[in-house]
Amino acid sequence: MADVRAAILGTGRAYPEGILTNADLERMVETSDEWITSRTGIKERHRASESEYTSMFAVEASRQAIERARIDPIDLGLVICATVSPDQILPSTGCLIQAELGANRAAAFDLAAACSGFLYGLTLADMMIRTGQTRYALVIGAEVLSRYVDFTDRSTCILFGDGAGAAVLGPAEGDRGILSTKIYSDGRYAEQLYSPGGGTRVKPTAETLAQGMHYFKMKGNELFKMAVRSMADVSTEVLNEAGYKPEDVKLFIPHQANQRITDAVASRLNVDSSIVYSNIAYHGNTSSASVPIALDECIEKGKVSEGDLVLLASFGGGVTWGGALIKW
Ligand code: ACO
């Protein structure tokens, strides 16, 4: 066992130029800016064009992360692309990204844990670095969810956005780095958020496409309650494991699903709203990309300094959830 923690050495983010506003949605389904804003906090979200696809944003975000980490792509031993909207079934989007980056010595694969994908990837990369299996790892959350959104279903089409965030991890200096991580899932709730068609169970045919079976179906109300409880509990757990309290946290980045979920988690944890980051208004829910996009924005805005405790938490389809505590 190498006795070294993993730290985030560089981050990046990318998303389509195309923007879908609440006003646009008002013209597509029976909804209103007032309803969407008050129920979710979302004002607009990025939407890929027909010629844009997941790995394009992943590669752009990764290049930024690699440059900021000041490493050579050939030194990456691991490339994880967390996504539920891959470029294609085979090969993995991770391998496509690896080729674009020239990270030819890495193991590359996709990780499907929906909105918790980045935290799952962070956990695996941390383990690989701490055990000496690899020195540098690239973890990406990338989605073009708009391909799986039914733009006639007002309960889901208002929520999701497209984009990618990436982080390069490597050996930490001193007592900095990832202090604790926890990941969980409960497949008994699989049908709270799922796409029934398009795989081997219901193979894609003209009929299943016409029936919209490849689109996301969601029970928003139940997910809402589970998301609040799970993100608050896993946050408490990673804090306890590292011997810290919520008041020690300098920056809290929860998965950006709904402003009301974020507020409820912060209130359960009893953390001040001033340390809770939110970009939901202009990104919507970008699933696995949400936490790394938010993290990169926080770094750019100078919201995190050396020695700060940064808490990450997520919840998503599966259902899956996870938390991580990082000493910056
Ligand atoms: N515009 C106007 N009315 C709407 C819309 C809309 N876009 N969508 C739903 N409604 C209506 C419903 O039909 C319902 O009408 P009814 O009372 O006549 O039946 C009413 O608004 C209330 O619907 P609810 O579903 O109870 O509304 P809620 O306050 O729960 O908000 C929402 C729905 C925004 C989906 C919320 O439940 C949510 O955000 N859940 C979390 C879902 C989520 O984020 N999933 C992603 C993955 S999991 C995760 O990331 C946490």
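Student: In which loop does Arg70 lie?

Tutor: Before the answer, please note that this is a predicted model. Arg70 lies in the loop between H3 and S4.

Student: Which peptide bond is cis, with omega near -5°?

Tutor: The bond from Leu90 to Pro91 is cis, with omega near -5°. Pro91 is placed in the loop between strand S4 (76–82) and helix H4 (93–101). A further cis peptide bond joins Gly318 and Val319, where omega is about -5°. Val319 belongs to the loop between strand S12 (309–316) and strand S13 (320–327).

Student: Let us move to the domains. What does the domain assignment give for this protein?

Tutor: The assignment gives domain 1 (6–174) and domain 2 (179–327). Taken over C-alpha atoms, the centres of domain 1 and domain 2 are separated by 13 Å. In terms of contact, 49 residues of domain 1 meet 43 residues of domain 2.

Student: How many salt bridges does the rule find across the interface of domain 1 and domain 2?

Tutor: Side chains of opposite charge can pair when their charged atoms come close. The structure holds eleven salt bridges, and across the interface of domain 1 and domain 2 the rule finds four. The side chains of Arg13 and Glu300 meet in a salt bridge, at 3.2 Å from N to O. This pair links distant parts of the chain, with Arg13 in strand S1 and Glu300 in helix H11 (residues 290–300), 287 residues apart.

Student: How many residue pairs are in polar contact across that interface?

Tutor: The rule finds 22 residue pairs in polar contact across the interface of domain 1 and domain 2. Several elements each supply at least two residues of the side of domain 1 that touches domain 2, among them strand S1 (6–14), helix H3 (54–69), helix H5 (117–130) and strand S7 (163–171). The largest share of that side, eight residues, comes from H5. By class, the side of domain 1 that touches domain 2 has 21 nonpolar, 17 polar and eleven charged residues.

Student: Finally, which of the residues around the ligand come nearest?

Tutor: Of the 24 residues around the ligand, Thr31, Arg39, Arg154, Asn221 and Asn258 come nearest. Polar atoms may then be examined pair by pair. An N or O atom in the side chain of Trp35 is 3.4 Å from a nitrogen atom of the ligand. For oxygen atoms of the ligand, a polar side-chain atom of Arg260 lies 3.4 Å from one, and a polar side-chain atom of Asn285 lies 3.2 Å from one.

How values were computed. Residues numbered from 1 in each chain as written. Predicted model: local features only at pLDDT ≥ 70, side-chain atom pairs only at ≥ 80, totals over all residues. Heavy atoms only, no water. Domains from an automatic or database assignment. Contact = heavy atoms within 4.5 Å. Polar contact = N/O pair within 3.5 Å; in protein donor to acceptor, adjacent residues only side chain to side chain. Helix = DSSP H or I, 4+ residues; strand = E, 2+ residues; numbered from the N terminus. Nonpolar A, V, L, I, M, F, W, Y, C, P; charged D, E, K, R; others polar. Near = heavy atom within 4 Å.
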